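Q: I'd like to learn how to read a fold like this one. Could you walk me through it, starting with the idea of a core?

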Amino acid sequence: MTNKAAKPVVETRIGYLRAYEPQLALSVLNVPPRDEGVAGANVAVNDNNTTGKFLGQSFVLDVLETKFDADVVPAFRQMVSRGDRFILTDISAKQLLSVADIAKEAGVVLFNVGATDDILREEECRADIFHTAPTRTMLADGLAQYLVWKQWRKWVLLYGSHERDGLYAQAVRRAATRFGATIVEERIYEDKGTARRTDSGIVQVQKQMPVFTQNLPEHDVVIVADESEVFGSYVPYRTWTPRPVAGTAGLIASSWHPASEQWGGTQIQNRFNKTIGRRMLSKDMQAWTAVRILGEATTRVKSNDPKQVEDYLKSQDFSIAAFKGQKLSFRDWNWQLRQPILIGDADGVVSTSPQEGFLHQFSELDTLGVDRPETKCRL
C-alpha cells in the first residue's frame, strides 16, 4: 500500500514593516512593549498555519524595522525583493505614502495596522491599502457616543502642542458637532520639554494640574487629547473640579482592550498570553486581524495571488470574525475595516460603541468615523 503523494505546500510570505524606537511614557505601565503589533502578527501566523497545514498552505512573517523619521523606501524594496507580496505597515502616514506607489507597481497589497491618520483614508487614500487600524475619527466617535448616551454633553477639551495631539483634538471637535455635544472651553498644554518622571515631579504635578484646570465653565467631562504622552495621564484625579476624564487618558477608546472577554475574547486573550507572555494590546489585535484576513482570503480563493486576494477582500463575500461580537468588513469607499470601538479604563471594558440608538441605514458600525456621503476619498 502506498501513501498518497503529499499535497504541495504553498508558502505565503507576509512582510511586516515597522518604525520603532524606544518610547517614553508618563507611566512605566504605558511604555509600549518591544514587540507590540509584531506579537499579534506572530500569533495570527500560528493560527493560519494550524488550519493551513490541512490545506497545503504555510505562512511566514518577515519583519523589518526602521526608525520613526527614516526613509522607508530602501527597506520596503528589500522586502519586495524577498518575495513579500502582502506587507503589514506600522509606520507614519508620511512613510506609508512614500511607498504606496512602489507597492502598486510591484503588485503588493498593503495593510495599515498602525497609523490612525484619517488622511490615509481620505484625501490621500489608495486603492491597494487596507486599514485594520481604526481612524482617530472612529475612536473619537466611539467615545462621543458613549458620553452622549450618558448625557454628559458639556465637554472641556485639553490638548497637547504636538501635531498628533491636534489631530486627535480635531476628531473630538468633529464628534461633538456630530453627536450633539458642546465643547464649552479648550485649553492647550504646551510641551516645554521638562523631565517626565523625577522625584519631585508628582509634587509639582499635584499643584500644576488643578491650576491648569481652574476657572472652567460648568462641564460634565474633561476630554484629553495627548497622544504624545506629555501631560494626559496626570489629569485624572487632579482637576480643580471633580469630573470624569476621557480621551487619551482616563476613559479611553481603542480597537481592543487587554481585559476584553466578551464574544470569545477570552480564547484569543489566553492564546496570546500563553504564546507571548503578556496581554494583547490594540496594535497586536490590528496586526492579528490583518494576518487572519490574509489566511481567510487565501483559503477562500485557494490562491495566494495578490490580485485574487485583493479582489476577494473588495467583494461582498468577504467578512472576518475578530472577537468583537459581529463580522467585520471593509468600507468600499476607502478600504477601512469597519469595527466596534471598545471604551475602557485601566482595569476593564466599560462599554462598546456603536451605542444603542445610533442608527444607520446600512451598518451601525458606519456611525463611527467618516461615512460614505462625507468621504473625500476618490479611488
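This is a predicted model: local features need pLDDT of at least 70, side-chain atom pairs count only at pLDDT 80 or more; totals for chains, interfaces and linings use all residues.

Q: Which residues touch the most other members of the largest nonpolar core?

A: Tyr16, Leu88, Phe111, Trp288, Ile293 and Leu313, out of 40 residues in that core. At least two residues each come from strand 1, strand 2, strand 3 and strand 4, and likewise from helix 1, helix 7, helix 8 and helix 9. Helix 8 gives the most, with eight residues. Take Leu313 as a worked case: leaving out residues up to four places away in sequence, Leu313 touches Phe111, Phe130, Ile293, Ala297, Phe318 and Phe330. Another core, of 29 residues, lies apart from this one and includes Ala144, Leu157, Ala181 and Ile223.

Q: How should I read the two faces of a strand, say strand 3?

A: In a regular strand the side chains alternate between the two faces of the sheet. Now look at strand 3: Phe86, Leu88 and Asp90 are buried on one side, and Ile87 and Thr89 are buried on the other. Five of the five residues in strand 3 (residues 86-90) are buried, so the strand is largely enclosed by the rest of the structure.

Q: What are the partners of strand 3, and how do they run?

A: Strands of a sheet pair through backbone hydrogen bonds, either parallel or antiparallel. Strand 1 (residues 10-19) runs parallel to strand 3, joined by five bridges, with Gly15 opposite Ile87. Strand 4 (residues 109-112) also pairs with strand 3 in the parallel sense, over four bridges, and here Phe86 stands opposite Val109. Between strand 3 and strand 4 the chain passes through helix 3 (residues 93-106), making a right-handed β-α-β crossover.

Q: Where are the edges of the seven-strand sheet?

A: Read the strand order: 7-6-8-9-10-11-12, in an open sheet with mixed pairing. Strand 7 (182-189) and strand 12 (349-353) each have a single partner strand, so one side of each is left without a neighbour in the sheet. On average, neighbouring strands are turned by 25 degrees against each other, direction ignored.

Q: Which strands does helix 5 touch in that sheet?

A: Helix 5 (residues 163-179) touches strand 6, strand 7, strand 8 and strand 9, and its direction makes about 165 degrees with that of strand 6. Helix 4 (residues 136-149) packs on the sheet too, and its direction makes about 55 degrees with that of strand 11.

Conventions:
Residues are numbered from 1 along each chain as its sequence is written. Side-chain values use heavy atoms; hydrogens and water are left out. Buried means under 20% relative accessible area, exposed over 50%, partly exposed in between (1.4 Å probe, protein chains only). Two strands pair if DSSP finds at least two bridges between them. A crossover is right-handed if, with the strands pointing away from the viewer, the path from the first strand over the helix to the second runs clockwise. Axes are lines fitted to C-alpha atoms, for helices over the stretch in contact, and angles run from 0 to 180 degrees between N-to-C directions. Contact means heavy atoms within 4.5 Å. A nonpolar core is a set of buried Ala, Val, Leu, Ile, Met, Phe, Trp, Tyr and Cys residues joined through side-chain atoms within 4.5 Å.
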